[in-house]
Amino acid sequence: MDAARRIVALDEIAVDDTLLFTIRDGFDREEAILTRLADGVAAYRNHCQHWTDVRLDSGDGAAIRDGELLCQRHGALFEQATGYCTTGPCEGATLDSVDVTVENGAVYLTEPDYEFEKLGPSGEHDLSSRGRIDFSGT
Ligand code: FES
């Protein structure tokens, strides 16, 4: 596997924890959430299916609640292994996956056309908190 596509050692992520990382396609950067499962890993683009301009996390990886990924905005829950929304305003939708694989104890990006850029946030601002009219008070 190409060393430039190595995201992290598998042991650096606890089971039922998440890790935020950034991928790039040319000048386009996207954030992704890596989550460790009991039998592997899964990764998803860091945006909700309720409001797709809203990130799932607060800038440091998505929270896990009762074994599901939690959207920090309105509390939608997504299955870790599939990204399927079980509860919340986007129930029935599925997170956009990012292809990753485990090889020799490390997690690698296998998403076509994208390069692994770095661990952590992209550094680009989340615009979701501005300009949206939200009557929910959140
Ligand atoms: S933006 Fe994620 S649940 Fe509303």
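Start by selecting Phe21 and Phe116: both are buried, meaning under 20% relative accessible area, where over 50% is exposed and anything in between is partly exposed (1.4 Å probe, protein chains only). Phe21 and Phe116 sit 6.2 Å centre to centre with 45° between their planes, which makes the pair tilted. For the cut-offs, rings of Phe, Tyr and Trp (its six-membered ring) pair if their centres lie within 6.5 Å, with planes under 30 degrees apart called stacked, over 60 edge-to-face and the rest tilted. Phe21 belongs to strand S2 (residues 18-25) and Phe116 to strand S11, so the pair ties together parts 95 residues apart in sequence.

A word on what is loaded: this is a predicted model, in which local features need pLDDT of at least 70 and side-chain atom pairs count only at pLDDT 80 or more, while totals for chains, interfaces and linings use all residues. Numbering starts from 1 along each chain as its sequence is written, and side-chain values use heavy atoms, with hydrogens and water left out.

Now switch to cartoon and zoom out. You'll find zero helices and 11 strands; helices (H or I, at least four residues) and strands (E, at least two) are DSSP runs, numbered from the N terminus. Of the 138 residues, 42% count as buried. Among contacts with a separation of 6 or more, 53% are between residues 24 or more positions apart, a contact being heavy atoms within 4.5 Å.

Next, colour the open sheet of four strands, ordered S4-S3-S2-S11 with antiparallel pairing. Two strands pair if DSSP finds at least two bridges between them. Strand S4 (40-45) and S11 stand at the edges with a single partner strand each, so one side of each has no neighbour in the sheet. Neighbouring strands here are turned by 35° against each other on average, direction ignored; the axes are lines fitted to C-alpha atoms, for helices over the stretch in contact, and angles run from 0 to 180 degrees between N-to-C directions.

Pick Ala32, and its bridge partner in S4 turns out to be Arg45. Then show the Arg45 side chain, which lies over the face of Tyr114, 5.2 Å from the ring centre. The test for a charge over a ring is NZ of Lys or CZ of Arg within 6 Å of the ring centre and within 35 degrees of the ring normal.

Last stop: two loops. Most residues other than glycine have a negative phi. Asp113, though not a glycine, has a positive phi of about 75°. Look for Asp113 in the loop between strand S10 (106-109) and strand S11 (115-119), where it is exposed at 65% relative accessible area. Asp66 also has a positive phi, about 50°, and lies in the loop between strand S5 (63-65) and strand S6 (68-70). Asp66 counts as exposed, at 74% relative accessibility. To finish, draw a distance from Asp66 to Asp16: their C-alpha atoms are 9.4 Å apart, across 50 residues along the chain.
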